[in-house]
Each structure stands twice: as structure tokens, then as C-alpha cells.
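Reader: I have a structure to get through for class. Can we go over it together?

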Amino acid sequence: MKEEKIYIIGAGISGLIAALELEKEGFFPIILESSDQVGGRVKTDVVDGFLLDHGFQVLNTAYPEAKKYLDFQALHLKTFDPGAVILNSKESYIISDPMRNPLKIMGMVFSKVGTFLDKVKMFALTQELKKKTNEEIFNTPSLPTLQYLKAYGFSDQIITNFFIPFFRGVFLEKQLNTSSRMFEFVFKMFSLGHAAVPEKGMGEIPKLLRKQLSTTQIYFNTAVKEVQGNAIHLENGETLLADRIIIAVQPDKVMKQLQGQFADPRKVINMYFSLQKSFLARPMIGLLNEGKYVNNIVFMDDVSDAYCSSDRSLLSVTVLESDLEEKELVKAVQSELEAVSGIKSEYFKLIKTYQINYALPVLDDLKYTIPFTECKITDHVFLAGDYLLNGSINAAMTSGRIASEAVVHSYMPTH
Ligand SMILES: Cc1cc2nc3c(=O)[nH]c(=O)nc-3n(C[C@H](O)[C@H](O)[C@H](O)COP(=O)(O)OP(=O)(O)OC[C@H]3O[C@@H](n4cnc5c(N)ncnc54)[C@H](O)[C@@H]3O)c2cc1C
């Protein structure tokens, strides 16, 4: 198998898993990665002693594929407290565990976000989804999430106060148009597991996957221009001939004939500020349900001390949409933060803004998995990547595993 030239385009989560699985079958894959590091959309920078993830994202400890491929202890996972702090200009309050133990939330507290019937429905939904397999969830007819929540009978109160701000931050879109399949999957994951980040940032996830590779070579700063048949044309003018190619990046980037086949992806802006001290003082997501720009915030050092080597706190702010220039946006965000915290806006010191133009794929038909035969597009070319299934680390892992199965199968004798 050593002599087989198997190239994987992209060292994101899906490409790394494909390589891992191919190694298990005795292959020696070669990954071509345009950037200078592994991880793709899951990366962490170190800036002035702060760890800055490229966009606020979490690993859910209930993700089945993550449990299979990641040693959670080696990552020193730090979990968030379940639930959220609801922040508005008049008051702030904690909804402690709505997707795991809704019946345990005190009536008085719950009444601020929803009705007694909402509470019972939350409980019913957790029970219902725990009984459904992930495959069943993704085979259920799909509705836009907002419509699904209304059809389920949730009140406008809980939809506005909790579901909208929470799931906007997950789906990275304001209208909750994302498929109810994704809603059910995420809700189930939150009711079974915890949102978590590795102690030293999300970038530790791909680094740990890379450490598990032994016979794979990775060529960094090697951008692929085009795949034609079994030829890979690189941006630097070279051409590589492959026995098999796994395209672990949205394929329109390297196959001209597929251009225009994909909807524009979800974008997001992630801003990092330092502040003398966290005003949440707990490892919890804060939701600004009245914010025009800020959707959700987290003090990362409340979750893991290692995110901050100074004595200041690190605030991660997620902005879904903005028509402002960066300077104006910073001011607008600072004033929304002042409104919910009472802390003067100038105390929030901007560290860095990430404008992420490709955060999540926009898909019509979300899937949990596909048969490996579906990711083979020619005798030489196979596909991997979250865009085949749904926008999540779990899906990226699944797709990498399936692509490698397809490659392995392609070497089996046909009868
Ligand atoms: C802000 C944000 C928040 C998110 N939140 C969550 C979350 O909370 N939970 C969750 O589960 N998921 C979340 N996700 C989604 C998750 O990160 C992705 O689903 C997953 O990382 C996708 O992995 P991938 O391998 O499919 O693609 P990518 O990570 O996009 O990997 C593609 C790789 O290919 C490389 N590449 C691109 N073009 C070329 C080329 N021409 N030649 C060579 N290499 C190339 C890229 O540099 C990259 O390394 C979030 C993503 C973002 C950005």
C-alpha cells in the first residue's frame, strides 16, 4: 500500500480523520494543505498572551465521533455550565439547565423566560429526542427551526427569550431558518453532553488528531488549484498524479465544473476584548436577547484559565451581522456591553476581530451520514467535509471516515 499515491486535499478535521482511517488500513496518505497549519476552521491563535479561537465554537462531549477519535483527557476538556445567562439592560438571570433538567429550574426563575407549559414541553422534548437515534433525527421531515418550535407549541416568550438567541449563536443566522433536524440534533447533544473547549483552545483538537498520524505526510503552504481526472494541479504550477484523491474541502474550490453549485456559507464576526474582570464569573454563555449586534458572549478564562496569561479577563463576543466598519462596530459592541454590565464601554479593550467568511455550510438537505458509495465521484476522486452532511465537527469527522471507507473499498476486487 506504500506505493499507492493517495492525496487528501485539506488538513481540516475531515481530512485528518480520512488520513487516520487510511493509515489503519496500511496506506501512506499525503495531505496537501494551503495554509501553514492543521485544523481548517478549528484553530487557535496566541495574541498578547491570550488564546483566541477562530470564532467561538465548542465541542459537545456527546458527539459520537468525537468520543471515538478524541482522548478527552489528553485535551483536558473544560466544560461549560449548562444553560445560559440571559442579559438585558434591566436585569440578568440564569437559566441553569433547560436542555437537561428543565423540571429542576425554579418556577420563579423559569417564569422570566417561559411558561410552566414550556417547561413541561422542554422536558418532553428531551425525553423524545433521547429515544430517537441520530439517523432517525436526520430522516425526520425537515421544517425551519422557528416553525418547528411554534408547531411544538412553545410560547412566543420562550422562543424570544431563549431559543432565538441561543440557537442563533449555534446556527449563525438570525431567522432560525436552519433545519429542525439540526435543531433536534443539537438539542439532543446538549441534553446528553456538555459544551466544552480543550484547556488550551479549540486548536488542540486538530493538533491531537495530527499527533495520532504516523505514516501520513502533510505538505503545508501547498494550495491546490484544480483537480482534473487523477491530476492535481497546484497553485505553484506543479502537477501531481494520484491513484486516489480525497477532496476534503468544499469541492467547487478545486473543481471548476462545480462552481456555483453551493449556497453562500454562513458568516460570523468574532471579537475579543480584555476586561479587568469577568462580569459573569461563571463558565456560561451569556445571551443578549436585546442586542442589535452582540448575540452571545463568553469569558473564556471563566471556562479555562489557560486562555489568559495576564490578570485580565478574555471576553469572546459573537456578532452575526453588521453593516458597520470595524471601528464603528467596536463602539456599538462596547456600548451594548456597557448596557448589560454597567461597566463603562472604554474599559472593554479590543484585542482582535475575526471576520469569518466561511463558518458553516448552508445546506438544503441535512444528513447525519451517507453510504460510502455516495462520496465517490469518479474512480479516482472521493469527497469529504462537513458540507456533505451538516455543519459540525461531528459531521466533519463522519465524512472523513466515510471517504476513507470508499477509498479502501475501491481497492477491493470486484466479483
Ligand atoms: C465560527 C465557527 C463556529 C463553529 N461552531 C461550531 C460548534 O460550536 N460546534 C461544532 O461542532 N462545529 C462548529 N463549527 C463547524 C466546524 O468547525 C466545521 O464543521 C469543521 O471544522 C469542518 O471541517 P472540514 O474538514 O469539513 O472543513 P475545513 O475546516 O474548512 O477544512 C478544509 C481545509 O482545506 C484547506 N484548503 C482549502 N482550500 C484548499 C486548497 N485549494 N488546497 C489545499 N487546501 C485547501 C483549508 O485551509 C482547511 O484546512 C463552527 C465553525 C466556525 C467557523
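Author: Start with S179. This is a predicted model, and in it S179 touches S142, L143, T145 and L366, leaving aside residues up to four places away in sequence.

Reader: Where is S179 in the fold?

Author: S179 sits in the loop between α8 (156–171) and α9 (180–192).

Reader: OK, so buried or exposed?

Author: S179 is buried: its relative accessible area is 8%, and the cut-off for buried is under 20%.

Reader: Which side chain makes a polar contact with the one of S179?

Author: That of S142, at 2.8 Å.

Reader: Switching to the ligand. Which residues come nearest?

Author: S14, E33, R41, Y63 and D386, out of 33 residues around the ligand.

Reader: What kinds of residues make up that shell?

Author: The shell has 18 nonpolar residues, 12 polar ones and three charged ones.

Reader: And which polar atoms lie by the ligand's oxygen atoms?

Author: A polar side-chain atom of Q57 is 2.9 Å from an oxygen atom of the ligand. A polar backbone atom of I393 is also 2.9 Å from an oxygen atom of the ligand.

Reader: How much of the ligand does the protein bury?

Author: The protein buries 89% of the 1,000 Å² that the ligand exposes when taken alone.

Reader: Which elements give two or more residues to the shell?

Author: α1 (13–24), β19 (349–360) and α13 (393–410).

Reader: Last one. Where does the ligand lie relative to the domains?

Author: Between domain 1 (6–40 + 204–262 + 368–410) and domain 2 (44–79 + 196–202 + 265–360), because both give residues to the shell around the ligand.

Conventions
Residues are numbered from 1 along each chain as its sequence is written. This is a predicted model: local features need pLDDT of at least 70, side-chain atom pairs count only at pLDDT 80 or more; totals for chains, interfaces and linings use all residues. Side-chain values use heavy atoms; hydrogens and water are left out. A residue is near a molecule or strand if one of its heavy atoms lies within 4 Å of it. A polar contact is a pair of N or O atoms within 3.5 Å; within protein, one must be able to donate a hydrogen and the other to accept it, and residues adjacent in sequence count only if both atoms are side-chain atoms. Accessible areas come from the Shrake-Rupley method with a 1.4 Å probe; for residues, only the protein chains shown count as cover. Helices (H or I, at least four residues) and strands (E, at least two) are DSSP runs, numbered from the N terminus. Ala, Val, Leu, Ile, Met, Phe, Trp, Tyr, Cys and Pro count as nonpolar, Asp, Glu, Lys and Arg as charged, and the others, Gly among them, as polar. Domain bounds come from an automatic or database domain assignment. Buried means under 20% relative accessible area, exposed over 50%, partly exposed in between (1.4 Å probe, protein chains only). Contact means heavy atoms within 4.5 Å.
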